[in-house]
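Student: I have a model open and would like to work through it with you. Shall we go by question and answer?

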Amino acid sequence: MDFSDKKSLTRHKLRDRVFGLVFRIEFYDESDLDEQISLFEENGSEEYLEEDLEYIVSKFKGVLSKLSEIDGLIDKCAVGWTRSRMGKCELASLRLGIYEMLYDDDIPVSVAMDEAVEIAKTYGDNSSGAFVNAILTKVKDIS
């Protein structure tokens with residue numbers, strides 16, 4: 001591949017790639033996630049610009065580093081729901097959205113919420129967007 005053909009991804013597309021990694025959390029043991037990162041980096045080295053790849057992996061590692069706090073907020077705000085009952089795409093959207101809302105100063109809260117809802121709508125079912133929005137609104141209200 002001619003590296004001059006690579007173009008930087010939009011924030012939306014970068015976030016979509018981060019979502020794909022966050023989605024894996026439910027399917028791999030924590031000890032296997034480093035290998036998942038390595039595989040993503042190896043496969044992405046030809047597809048992504050280096051700074052895009054670094055952004056994606058860095059944000060995923062950020063979500064991992066705050067996972068217990070993020071999951072605690074989900075548990076607190078998802079009244080009547082347990083994480084094990086939630087759809088995996090909704091859970092991944094929530095994790096990424098909460099991370100961006102609370103720990104990523106470069107992303108306005110409203111943008112983090114909107115993007116998480118859009119990801120849930122894209123990969124979930126008809127009610128996914130409303131579900132994610134309701135929980136993120138509660139997180140915003142208590143934060």
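Student: Does A112 count as buried or exposed?

Tutor: First, the ground rules: this is a predicted model, where local features need pLDDT of at least 70, side-chain atom pairs count only at pLDDT 80 or more, and totals for chains, interfaces and linings use all residues. Residues are numbered from 1 along each chain as its sequence is written, and side-chain values use heavy atoms, leaving out hydrogens and water. Buried means under 20% relative accessible area, exposed over 50%, and partly exposed in between, with a 1.4 Å probe and protein chains only. A112 has 0% relative accessibility, so A112 counts as buried.

Student: Which helices do the buried residues of α1 pack against?

Tutor: α1 has 13 residues and spans 18 Å from first C-alpha to last, close to the 18 Å expected at 1.5 Å a residue. That expected span is 1.5 Å times one less than the number of residues. Buried in α1 are L14, R15, D16, V18, F19, L21 and V22. The buried residues of α1 pack against α2, α3, α5 and α6.

Student: And which helices do the buried residues of α3 pack against?

Tutor: Helix α3 covers residues 50-65 and reaches 22 Å, close to the 22 Å expected for its 16 residues. Its buried residues are D52, L53, I56, V57, K59, F60, G62 and V63. They pack against α1 (11-23), α2 (33-44), α4 (67-77) and α5 (88-103).

Student: Is K76 buried or exposed?

Tutor: K76 lies in helix α4. The relative accessible area of K76 is 60%, so K76 is exposed.

Student: How many helices and strands does the protein have?

Tutor: Read along the sequence, the pattern is α-α-α-α-α-α-α. The count is seven helices and zero strands.

Student: What radius of gyration does the protein have?

Tutor: The C-alpha atoms fill a box of roughly 50 × 30 × 30 Å along the principal axes. The radius of gyration is taken over C-alpha atoms, and the globule rule is 2.2 Å times the number of residues to the power 0.38. For 143 residues, a compact globule would come near 15 Å; the protein agrees, at 15 Å.

Student: What share of contacts with a separation of 6 or more comes from residues 24 or more positions apart?

Tutor: Of the 143 residues, 43% count as buried. Among contacts with a separation of 6 or more, residues 24 or more positions apart account for 71%.

Key. Helices (H or I, at least four residues) and strands (E, at least two) are DSSP runs, numbered from the N terminus. Contact means heavy atoms within 4.5 Å.
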